[in-house]
Amino acid sequence: MAAALLHKFTMKTRVFLLVLAVFSCALAQVDEGETDELQVETLVKPETCSVLSTIGDTLKVHYTGKLMDGQMIDSSLSRDPLVLVLGKRTVIAGLEQSLIGVCEGQKIKATIPSHLAYGKKGYPPTIPGDATLEFEVEVLSLSPQAQWQKMINDVFPLVCFALVPTLLGLVGLYLYNKANAQKASKKKSKDKKSKKK
């Protein structure tokens, strides 16, 4: 009996391990050209790179975006450069993330997975759903944010975060006092009516 139970347990264990191995292999297979993480490659880097871009900085860039099969989806080369402020979300998330830590004159190639680009829906008809994109970007100029801008960007959200609960508390206190004042005036009017009787 114990030998049969041990044999049955080992058979279940073997089947479980086989299923687990097949499932792991299926997860490990990734189609060629697809990526789950943002990949940034530096193509050209200037000799002196003293200022690196951070959130809040303004960049002027030229870019060319392509699908992984090489089909061009957009380019700024035939028009004015794109001006963007890092952190304002005016471009797709993957492109913005790839531009953090670059310097003026640098040229990069960013391979952007679909979840950091246009996702499952894509951007029909140009960009299909779940498309990995490749952008070549040249940073023409970098303007760091002024100290007062940095202060506003850092402090203002904290002030707002503190003000909202305070204002809600004051509104609640006002409504509570108003409700209690009405109860007290009703009680006084009842007392006056009972004294008149």
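Visitor: Why is Leu 43 called partly exposed?

Guide: This is a predicted model, by the way. Leu 43 has a relative accessible area of 37%. Buried means under 20% and exposed means over 50%, so Leu 43 falls in between and counts as partly exposed.

Visitor: Where does Leu 43 lie, and what is it in contact with?

Guide: Leu 43 lies in strand E1, residues 39-44. Leaving aside neighbours within four places in sequence, Leu 43 is in contact with Lys 107, Ile 108, Lys 109 and Glu 136. Also, Leu 43 and Glu 138 are 95 residues apart in sequence, yet their C-alpha atoms are 9.3 Å apart in space.

Visitor: What makes Met 151 exposed?

Guide: Its relative accessible area is 55%. The cut-off for exposed is over 50%, so Met 151 passes it. Met 151 is found in helix H3, residues 147-196. Together with Val 155, Val 159, Leu 163, Leu 167, Leu 170, Leu 173 and Tyr 176, Met 151 makes a nonpolar surface patch of about 780 Å².

Visitor: On to the rings. How many aromatic pairs are there?

Guide: The count comes to 2.

Visitor: Why is the pair of Tyr 63 and Phe 135 called tilted?

Guide: The ring centres are 6.0 Å apart, and a pair needs centres within 6.5 Å. The planes stand at 45°. Stacked would need under 30 degrees and edge-to-face over 60, so this pair is tilted.

Visitor: What does that pair tie together?

Guide: Tyr 63 lies in strand E2 (residues 58-67) and Phe 135 in strand E6 (residues 133-143), so the pair ties together parts that are 72 residues apart in sequence. Tyr 63 and Phe 135 are both buried.

Visitor: And what makes Tyr 118 and Tyr 123 a tilted pair?

Guide: Their centres are 5.4 Å apart, with 40° between the planes. Tyr 118 counts as partly exposed, at 33% relative accessibility.

Visitor: Which residues touch the most other members of the largest nonpolar core?

Guide: Of its 24 residues, they are Leu 59, Leu 95, Leu 99, Ile 112, Leu 133, Phe 135 and Val 137. Strands E2, E5 (107-112) and E6 each supply at least two residues of this core. The largest share, 5 residues, comes from E6.

Visitor: What is Phe 135 in contact with?

Guide: Beyond its neighbours within four places in sequence, the contacts of Phe 135 include Tyr 63, Ile 73, Ile 92, Leu 95, Ile 108 and Ile 112.

Note on methods: Residues numbered from 1 in each chain as written. Predicted model: local features only at pLDDT ≥ 70, side-chain atom pairs only at ≥ 80, totals over all residues. Heavy atoms only, no water. Helix = DSSP H or I, 4+ residues; strand = E, 2+ residues; numbered from the N terminus. Buried < 20%, exposed > 50% of the residue type's maximum accessible area, 1.4 Å probe, protein only. Core = buried A, V, L, I, M, F, W, Y, C linked by side-chain atoms within 4.5 Å. Contact = heavy atoms within 4.5 Å. Patch = residues over 30% accessible without salt bridge, like charges linked within 9 Å, V, L, I, M, F, W, Y side chains within 5 Å. Areas by Shrake-Rupley, 256 points an atom, 1.4 Å probe, with all protein chains shown as cover. Salt bridge = Lys/Arg side-chain N within 4 Å of Asp/Glu carboxyl O.
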